[in-house]
Amino acid sequence: MDIKNLGVLASGRGSNLQSIMDACAAGRIPARVTVVISDNADAYALERARYAGIDAVALNTDDYIDKAEYEKHITKILQEHNVDLVCLAGYMRMVGPGLLEAYAGRIMNIHPALLPAFPGLHGQEQAWHYGVKYSGCTVHFVDDGMDTGPIILQAVVLVSDNDTADTLAARILEQEHRIYPEAINLYCTNKLVVEGRKVRILA
Ligand code: GRF
């Protein structure tokens with residue numbers, strides 16, 4: 001099986017990045033992370049990448065005249081690293097048309113709620129405040145909406161009366177670390193077929 005190259009975009013602590021790098025290193029995904037890009041020079045995700053010997057690039061959006069230029073640079077870096085699949089892992093920006101076009105159908109995201117419920121920031125907290133009895137996480141392909149692309153995998157987490165937003169978020173995160181590598185593996189082994197909004201998983 002050929003080995004795919006992953007490019008990860010992350011803005012923060014990078015625990016999902018870590019789960020992806022670990023799954024690649026353990027041979028659970030036929031892929032390797034070839035570059036990690038962050039819009040935040042202080043992101044711990046960059047440290048994790050460097051520690052693993054992976055190219056880590058910090059970009060400052062203020063250095064670009066507009067988002068299109070910024071994303072043109074991201075696209076160039078991804079292409080230089082022969083990236084096949086772009087994984088957003090706590091990347092705190094919407095992907096614009098330039099990058100979406102360059103990697104059409106090849107950008108994934110992990111969201112900490114059961115989409116289409118609670119899109120946007122702090123999905124775990126939103127769900128907890130709302131009082132739902134279960135929540136979870138979603139891996140989906142990225143389109144031009146806010147967390148609206150075709151759903152690949154979801155995991156359900158029960159909410160208990162004793163939960164705080166933080167304890168719920170911690171249990172959701174455990175599931176994120178399980179299903180994100182799983183979804184990437186399905187992509188890398190050519191098991192995902194997108195038909196409109198539906199993603200079919202081949203046996
Ligand atoms: C995760 O909860 C993810 O679902 C959301 O942002 C958070 C990133 O966490 N998109 P980490 O940086 O991967 O630890």
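A polar contact is taken here as a pair of N or O atoms within 3.5 Å, one able to donate a hydrogen and the other to accept it. In the predicted model, such a contact, of 2.8 Å, links the side chain of Asp39 to that of Ser11. The Asp39 side chain also makes a polar contact of 2.6 Å with the side chain of Arg93. Asp39 is located in the loop that connects β2 (31-38) with α2 (44-51). With a relative accessible area of 14%, Asp39 falls under the 20% limit and is therefore classed as buried. Beyond residues up to four places away in sequence, Asp39 touches Ala10, Ser11, Leu59, Tyr70, Tyr91 and Arg93.

One of these neighbours, Tyr70, belongs to helix α3, where Tyr70, Glu71, Ile74, Thr75, Ile77 and Leu78 are buried. These residues lie on the same side of α3, because they cover an arc of only 160° around the axis. Lys72 and Glu80, on the other side of the helix, are exposed. The packing partners of the buried α3 residues are β1 (4-9), β2, β3 (55-58), β4 (85-88) and α4 (97-102). Helix α3 itself comprises 14 residues (67-80) and spans 20 Å from its first C-alpha to its last, close to the 20 Å expected at 1.5 Å a residue. At the N-terminal end, α3 is capped by Asp66, a side-chain oxygen of which lies 3.3 Å from the backbone nitrogen of Ala68. After the helix comes Asn82, which has a positive phi, near 50°.

The largest nonpolar core contains 45 residues, among which Leu6, Met108, Ile152, Tyr180 and Ile184 touch the most other members. The greatest contribution to this core is made by helix α6 (residues 165-188), which supplies nine residues.

Strand β6 (residues 134-141) is mostly covered, as seven of its eight residues are buried. This strand pairs with β5 (residues 107-111) in an antiparallel arrangement through four bridges, with Thr138 of β6 opposite His111. Strand β7 (residues 151-158) also runs antiparallel to β6, and seven bridges join the two. In this pairing, Cys137 stands opposite Ala155 of β7.

Note on methods:
Residues are numbered from 1 along each chain as its sequence is written. This is a predicted model: local features need pLDDT of at least 70, side-chain atom pairs count only at pLDDT 80 or more; totals for chains, interfaces and linings use all residues. Side-chain values use heavy atoms; hydrogens and water are left out. A nonpolar core is a set of buried Ala, Val, Leu, Ile, Met, Phe, Trp, Tyr and Cys residues joined through side-chain atoms within 4.5 Å. Buried means under 20% relative accessible area, exposed over 50%, partly exposed in between (1.4 Å probe, protein chains only). Contact means heavy atoms within 4.5 Å. Two strands pair if DSSP finds at least two bridges between them. The expected span of a helix is 1.5 Å times one less than its number of residues. The arc is that of the directions from the helix axis to the C-beta atoms.
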